[in-house]
Amino acid sequence: MDTNYTRIYIGNIAEAQSIVSRLKDIGIIAVVKDEAESARLAGFASSMLGEAEVFVHNDELQEAEKVLDS
């Protein structure tokens, strides 16, 4: 599967949201994949917090990596 997005983070949802917020501050809109939240929205019970993944478009990857490094 060919994609135009690269995963830049996988881990705790709170940290993922912090990264997304910092990216938004510089104009980068990230995509967050959160399996636990998706399951909850679909009506499946989930008491465990899963890992979240943060993706950015390949055109914005270098700028996003600078945010992660700071």
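Here are some questions and answers on this model.

Reply: This is a predicted model, where local features need pLDDT of at least 70, side-chain atom pairs count only at pLDDT 80 or more, and totals for chains, interfaces and linings use all residues. Residues are numbered from 1 along each chain as its sequence is written, and side-chain values use heavy atoms, with hydrogens and water left out.

Me: Which residues of helix 1 are buried?
Reply: Helices (H or I, at least four residues) and strands (E, at least two) are DSSP runs, numbered from the N terminus. Buried means under 20% relative accessible area, exposed over 50%, partly exposed in between (1.4 Å probe, protein chains only). In helix 1 the buried residues are A16, I19, V20 and L23.

Me: Why do the buried residues of helix 1 line one face?
Reply: Look down the axis of helix 1 and take the directions from that axis to the C-beta atoms. The buried residues line one face because these directions fall within an arc of 100°.

Me: Which exposed residues does the face of helix 1 turned away from its buried side carry?
Reply: This face is turned away from the buried side of helix 1. The exposed residues there are A14 and D25.

Me: What is the strand order in the open sheet?
Reply: Two strands pair if DSSP finds at least two bridges between them. Strand 1 and strand 2 stand at the edges, each with a single partner strand, so one side of each has no neighbour in the sheet. The pairing is antiparallel and the order is 1-3-2.
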